[in-house]
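Take a moment with the sequence and the model below.

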Amino acid sequence: MTDLLTLNARELTCGPSAPDDFADAFDGPSAGRVVVTFESQKHGCNLDLALSLLSALGTVPALYPDRGCWDELTVRDDVDPGRTHGVGENRLHVDLVDRDRTPRLIALYCVRGDPAGGGASALSDLHQAAGDLHEADRDLLRRPAFSYFTDHGVNGVGEGLHRFAILPEDLDSSQPIRFTSKMLPHLQRGELMDSETPEQVTAAFGRLVTAAEARRTTVRLQPGQLLIFDQWRYAHGRMPLGPGQSEIPPQQRRLLKQAYGHRPEQVGGGR
Ligand SMILES: [Fe+2]
């Protein structure tokens, strides 16, 4: 179930003020997360129009320029099930979590849904999740004591930060919340953290993971649907693909296209 606002692509891409009205809808009624439905199944055209919509919100980096602006999220049965292309749950996280220019926007366009009925996209409002914690936990997570594995070979997203805070001083979307559930098992082993009180910090982080999962909503995108969200506020993930993926030919499995965006106020670098 989801409480996501769904908008019609035609209404956003036609008319004298298109696509700028989209920014008003995104920042207003949509609260930074929206599903846009294209009537046509002409995916190439829809992907161009999706970039047009994204450009109303900011600039679109090409993380891997030789692939263009859109990257493919495929389904593979020969990789870690919990990773990007795996068949299991991909736990709630923020992409490029350690970068000094963590992109604020993620766009996911569905070319094919999962024939086995799974693979819903998950979002969780981290402002609300952080608000669910006690102030003492938030204080521990505001300290620049954390690190994470950086992505190599990516462009337009700044440099990896050696140490960073999970929570910014203010939960006002002016800074990212540098959250990934995948950090928890490392913290439990005493890794990726520089703290005098590692047990307390790990416990506080674990409570944030629990709060984020409690706030999770899911949406199973249909072919021709586009999900755009503010990942400085919403963590995202993937629910498990349906059973029997190995029996589904790879070219028939779920296929999403992914692009990123920076908002104008982010130009000049993050924290
Ligand atoms: Fe991701």
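Is D95 buried or exposed? This is a predicted model, and in it D95 has a relative accessibility of 12%. Buried means under 20%, so D95 counts as buried.

The iron ion is coordinated by D95 through OD, and by H93 and H236 through NE2, at 2.2 Å. Read along the sequence, these donors follow the spacing H-x1-D-x140-H. D95 and H236 thus link distant parts of the chain, 141 residues apart. D95 sits in the loop between β4 (90–93) and β5 (105–112). H236 belongs to strand β9, residues 234–238. H236 also counts as buried, because its relative accessibility is 7%, and the cut-off is 20%.

Now look for empty space. Rolling a probe the size of a water molecule over the atoms shows where such space is left. Here the count comes to 1 cavity of 30 Å³ or more. The volume of the largest cavity is about 40 Å³. Which residues line the largest cavity? C110, G113, D114, G118, G119 and S121 are among them. R220, L221, R254 and L256 also belong to the lining. By type, the lining residues divide into 3 nonpolar, 4 polar and 3 charged.

Finally, turn to the rings. How many aromatic pairs does a search of the whole structure find? The search finds 4. A ring can also face a charge: R67 lies over the face of Y64, at 4.1 Å from the ring centre.

Notes. Residues numbered from 1 in each chain as written. Predicted model: local features only at pLDDT ≥ 70, side-chain atom pairs only at ≥ 80, totals over all residues. Heavy atoms only, no water. 1 Å grid on protein atoms, 1.4 Å probe; cavity = no way out; pocket = protein on both sides within 12 Å on 5 of 7 lines; lining within 4 Å. Points joined across faces, edges and corners; volume = space filled by probe spheres on them. Nonpolar A, V, L, I, M, F, W, Y, C, P; charged D, E, K, R; others polar. Phe/Tyr/Trp six-rings, centres within 6.5 Å; stacked < 30°, edge-to-face > 60°. Lys NZ or Arg CZ within 6 Å of the ring centre and 35° of its normal. Donors = N, O, S within 2.8 Å, 3.2 Å for Na, K, Ca; no water. Helix = DSSP H or I, 4+ residues; strand = E, 2+ residues; numbered from the N terminus. Buried < 20%, exposed > 50% of the residue type's maximum accessible area, 1.4 Å probe, protein only.
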